[in-house]
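Work through the exercises below with the sequence and the coordinates side by side, and try each task before reading its solution.

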Amino acid sequence: MKIIKTKFKDLFIIKQKKNNDKRGFLRETYNDKIINKNFCFEYFTFSNKNALRGFHFQIKNPQSKYVNVLKGKILDCVIDLRHNSKTFGKTFKIILSEENSLGLLIPRGFAHAYYSYERENLIYYKLDNYYNPLGERGVIWNDRDLNVKWPNKNPSISKKDKILPTLKFCIENKLTFK
């Protein structure tokens with residue numbers, strides 16, 4: 001495994017070790033000697049083609065996330081919501097896929113979203129804090145101020161995600177991280 005720095009403080013791309021042969025492959029997705037986080041919670045999602053989830057974050061019980069795609073391909077996108085950060089309000093996008101064997105280590109203080117390209121997309125998360133529905137917040141996926149170029153202008157979105165506020169609203173109402 002190899003850690004690749006981004007322009008965002010503490011946001012890392014993880015190049016995973018993958019060994020292929022005629023039987024298939026073996027992929028090292030996590031090694032605590034390389035990714036030094038105290039993960040306590042894991043979950044797994046399945047997303048159909050053209051599904052878009054997010055932007056989600058927790059204002060109470062914030063979470064660092066380590067995102068991996070076990071099958072399929074996603075466009076993973078984050079927003080830095082840390083007021084003291086040089087990249088506050090900026091977005092970062094990356095393709096994560098079964099094929100490229102990349103993971104994304106997202107620190108606390110970021111909102112997270114992704115778009116699913118394939119018919120079947122299996123995404124696996126490791127988190128360093130538990131889910132707290134009372135602290136859950138979000139930013140609308142198509143916020144014009146963010147100017148994120150999603151692959152589809154009409155993705156499949158949950159009712160909850162369709163009514164999320166803008167980043168500007170979150171900032172004005174102190175729904176970001178100090």
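**Exercise 1. Contacts and overall form**

What percentage of the contacts in the chain with a separation of 6 or more is accounted for by residues 24 or more positions apart?

Solution. Begin with the basis: this is a predicted model, in which local features need pLDDT of at least 70 and side-chain atom pairs count only at pLDDT 80 or more, while totals for chains, interfaces and linings use all residues. Residues are numbered from 1 along each chain as its sequence is written, and side-chain values use heavy atoms, with hydrogens and water left out. With contact meaning heavy atoms within 4.5 Å, the residues 24 or more positions apart account for 79% of those contacts.

**Exercise 2. The nonpolar cores**

Identify which residues touch the most other members of the largest nonpolar core.

Solution. A nonpolar core is a set of buried Ala, Val, Leu, Ile, Met, Phe, Trp, Tyr and Cys residues joined through side-chain atoms within 4.5 Å, where buried means under 20% relative accessible area, exposed over 50%, and partly exposed in between, with a 1.4 Å probe and protein chains only. Of the 22 residues in the largest core, Phe55, Ile79, Leu81, Val139, Leu146 and Trp150 touch the most other members. The elements giving two or more residues to this core are β6 (52–58), β8 (73–80), β11 (110–116) and α2 (167–172). Apart from this core lies another, of 18 residues, including Phe92 and Tyr125. Leaving aside neighbours within four places in sequence, Trp150 is in contact with Leu52, Phe55, Leu75, Cys77, Ala113, Tyr114, Tyr115 and Trp141.

**Exercise 3. Backbone exceptions**

Find where the backbone departs from the following expectation: most residues other than glycine have a negative phi, and most peptide bonds are trans.

Solution. Start in strand β6, where Phe55 is found; a cis peptide bond joins Gly54 and Phe55, with omega about 10 degrees. Then turn to Asp10, whose phi is positive, near 70 degrees, and which sits in the loop between β1 (2–5) and β2 (12–15). Asn50 likewise has a positive phi near 70 degrees, and lies in the loop between β5 (41–48) and β6.

Technical notes: Helices (H or I, at least four residues) and strands (E, at least two) are DSSP runs, numbered from the N terminus.
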